[in-house]
Amino acid sequence: MSISNSPRVGFLQPLNNNLEEEVGQEESSIPKILLSKGLNVVGRNCIPVTDKRLSRKHLSINVASDGSSEVSVEGTNPVVLRTKGERKKLLSGEKWKIEDGDIIELIPGHYFFKYVASGGEQNEKLMSNKQKRCWDEESSYSKDRVRNKKRINGESELEPLAEQSKKKRFENDGKETDKSSEGVHQFNVPNSKLPSTFQLLRVQGLPAWANTNTVSINDVIQGNVILAILSNYMVDIDWLLSACPLLKKVPNVLVIHGESDGILEYMKRKKPASWILHKPPLPISFGTHHSKAMLLVYPQGVRVVVHTANLIHVDWNNKSQGLWMQDFPWKANNGASKGCGFESDLIDYLTMLKWPEFNVDLPALGSYSIKPSFFKKFDYTSAVVRLIASVPGYHSGSNLKKWGHMKLRTVLQECTFSEEFQKSPLVYQFSSLGSLDEKWMLEFASSMSAGVTRDKKPLGVGEPLIIWPTVEDVRNSLEGYAAGNAIPSPLKNVEKAFLKKYWAKWKANHSGRCRAMPHIKTFTRYNGQNLAWFLLTSANLSKAAWGALQKGNSQLMIRSYEDNGGLQKSSETKRMKLVTLNWQGDQTEVIQLPVPYELPPKPYSREDVPWSWDRHYAEKDVYGQVWPRQVKLYACQDS
């Protein structure tokens with residue numbers, strides 16, 4: 001930040017999404033910005049974030065000798081000023097006087113700072129109660145939506161997160177009546193249990209409680225990595241290297257991707273010289289390499305990661321995402337010990353990627369040829385999940401049950417479940433909907449419903465619900481309509497008449513993610529807050545991802561590559577019980593999963609409209625934008 005040599009006359013105090021000063025471990029993540037008399041420039045140089053929407057010279061604050069101050073927007077993005085109970089948007093080049101206690105949003109809805117003038121620290125802690133209530137109502141919603149937020153049945157459709165939390169937690173003269181509103185607080189899993197569950201990715205702009213035990217990319221790619229294989233669909237090379245500078249030091253990196261030729265050429269120019277780029281073959285038209293996984297080799301072993309985020313900024317910062325990972329040691333006797341189901345799952349999938357073999361010298365370990373069989377050198381016997389992958393092709397014979405939904409069916413058929421899951425419902429939650437028909441939906445539900453009870457009775461086909469954001473969810477989300485760019489389903493797929501009975505709301509009060517649109521993909525079978533099994537996956541709901549049976553059910557056709565980490569009871573003897581964060585009980589042998597949405601799902605009302613990205617939406621979003629409009633996803637697109 002550029003400042004004069006004059007004495008300090010005030011500062012900008014960072015606030016959280018509830019317009020409160022941060023307390024606890026995250027309070028120093030964004031520092032207080034000191035101000036001097038004269039011209040002060042605020043931007044990315046003094047705020048430690050990688051968000052390219054924030055210019056290096058984003059705004060200036062001119063503090064006059066009489067103590068008055070004026071802000072001027074220097075960058076291309078608008079700034080929001082909250083003053084005297086009103087919310088004013090300032091465009092590039094506009095100026096406005098500010099007073100002690102005013103709040104500045106450097107990006108609308110993000111990066112809140114309170115202006116504290118000299119002597120202002122002894123004023124009210126943040127603002128008057130009346131002023132705060134007014135700002136809370138306007139904090140993330142357009143004024144027209146606030147005036148009309150009561151639904152026909154009298155229920156509030158979208159309320160500020162802080163108000164939802166207070167209303168659900170404290171009723172009856174202050175007695176706590178519903179602990180579900182901040183259920184993510186309960187997710188405190190010891191490290192030894194983490195492989196049995198998964199974690200949510202951290203989301204910018206949420207209150208601190210909503211990011212309890214969440215992870216960022218630097219929590220995953222850490223330590224002395226000597227070989228990295230990064231598998232994904234979209235890869236923003238500029239963002240990846242800036243967000244995770246450790247990767248620049250990894251001597252051997254293979255990036256398996258699904259990028260188009262134009263982005264690939266850019267990646268080739270920008271990547272470190274030692275990196276290898278590989279796009280797997282796509283033998284069937286309209287397929288993609290959509291898998292999202294990492295294999296990180298260390299001197300001590302390998303870390304296997306299955307996640308749901310593209311390697312781009314918005315996916316790791318603005319959306320509801322999930323991640324499972326587990327570390328496995330090297331086998332004794334150089335890989336001579338027996339394998340297991342997880343190892344077979346992994347090696348079979350890696351073999352189908354057909355990457356070019358390459359040789360590496362691993363410090364203190366020797367020279368190796370990096371091919372799928374290299375990963376047999378690790379001991380996966382401690383794995384408590386199964387990998388269920390999809391690869392393109394026409395699969396028949398012994399391969400019929402090896403991939404896609406038929407692999408899931410086969411794995412579930414080997415599992416024994418409690419009688420409570422007989423005829424219990426299913427949930428499909430994802431971010432892109434393929435072109436479906438009722439015949440395939442029954443085929444898919446049959447695979448999802450496989451398994452038997454302890455007395456060998458089939459569980460029976462469950463009734464599914466599809467959790468899918470509405471137009472209003474997207475419009476009022478943290479990103480506004482821009483979030484809909486990552487929910488890329490056309491109207492022709494979404495508005496098929498037979499789908500109406502499946503739609504259910506994206507409700508995530510307990511995880512604080514109502515406004516963080518889902519890019520996570522999950523499938524589960526549940527009874528109340530108990531889960532028969534849970535699947536975290538890169539696969540959306542489509543025939544291309546899961547496969548469709550052909551030729552009298554003797555052949556499975558799959559178009560795309562997907563990787564899925566399945567979580568279910570490993571054996572009946574261990575009696576591992578899977579539950580949601582809203583589960584209440586005193587049983588010790590339970591594994592809580594941070595399922596971000598609420599179960600049971602709430603079906604759409606007559607007023608709810610499922611999001612489709614190729615419609616025109618004229619009602620403005622929280623940033624005053626309409627849809628469609630261009631959305632920048634790569635750092636190289638920014639000016």
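Where does Pro 628 lie? Pro 628 lies in the segment after strand 35. The legends below start elsewhere and return to that segment.

This is a predicted model, in which local features need pLDDT of at least 70, side-chain atom pairs count only at pLDDT 80 or more, and totals for chains, interfaces and linings use all residues. Residues are numbered from 1 along each chain as its sequence is written, and side-chain values use heavy atoms, with hydrogens and water left out.

**View 1. Four strands form an open antiparallel sheet in the order 3-4-5-8.** Strand 3 (38–42) and strand 8 are the edge strands, each pairing on one side only. From one strand to the next, the twist averages 25°. Here axes are lines fitted to C-alpha atoms, for helices over the stretch in contact, and angles run from 0 to 180 degrees between N-to-C directions. Strands (E, at least two residues) and helices (H or I, at least four) are DSSP runs, numbered from the N terminus. Two strands pair if DSSP finds at least two bridges between them.

**View 2. Strand 5 pairs with strand 4 and with strand 8.** Strand 4 (residues 59–63) runs antiparallel to strand 5, and five bridges join them. Ile 61 stands opposite Val 71 in strand 5. Asn 40 also stands opposite Ile 61 in strand 4. The hairpin of strand 4 and strand 5 has five residues between the strands, and there Gly 67 takes a positive phi near 95°. Toward strand 8 (residues 95–98), strand 5 makes four antiparallel bridges. In that pairing, Ser 72 stands opposite Lys 95. Four of the five residues of strand 5 (residues 69–73) are buried, so this strand is largely enclosed by the rest of the structure. Buried means under 20% relative accessible area, exposed over 50%, and partly exposed in between (1.4 Å probe, protein chains only).

**View 3. Trp 611 is buried, at 0% relative accessibility.** This residue is placed in the segment after strand 35 (590–593). Its contacts (heavy atoms within 4.5 Å) include Trp 468, Pro 469, Tyr 481, Ile 487 and Trp 627. Trp 611 and Ile 487 are 124 residues apart along the chain, yet their C-alpha atoms are separated by 7.8 Å. The side chain of Trp 611 reaches the backbone oxygen of Ile 487 at 3.2 Å.

**View 4. The largest nonpolar core has 115 residues.** Such a core is a set of buried Ala, Val, Leu, Ile, Met, Phe, Trp, Tyr and Cys residues joined through side-chain atoms within 4.5 Å. Phe 375, Tyr 428 and Leu 541 touch the most other members. Another core, of 33 residues, lies apart from it, with Leu 201 and Val 225 among them.

**View 5. Lys 354 and Lys 423 each have a positive phi without being glycine.** Lys 354, with phi of about 55°, is in the loop between helix 8 (341–353) and strand 20 (358–362). Lys 354 is exposed, with a relative accessible area of 53%. Lys 423 has a phi of about 60° and sits in the loop between strand 24 (416–417) and strand 25 (426–429). Lys 423 is exposed, at 61%.

Note on methods. A polar contact is a pair of N or O atoms within 3.5 Å; within protein, one must be able to donate a hydrogen and the other to accept it, and residues adjacent in sequence count only if both atoms are side-chain atoms. Lists of a residue's contacts leave out its neighbours within four places in sequence.
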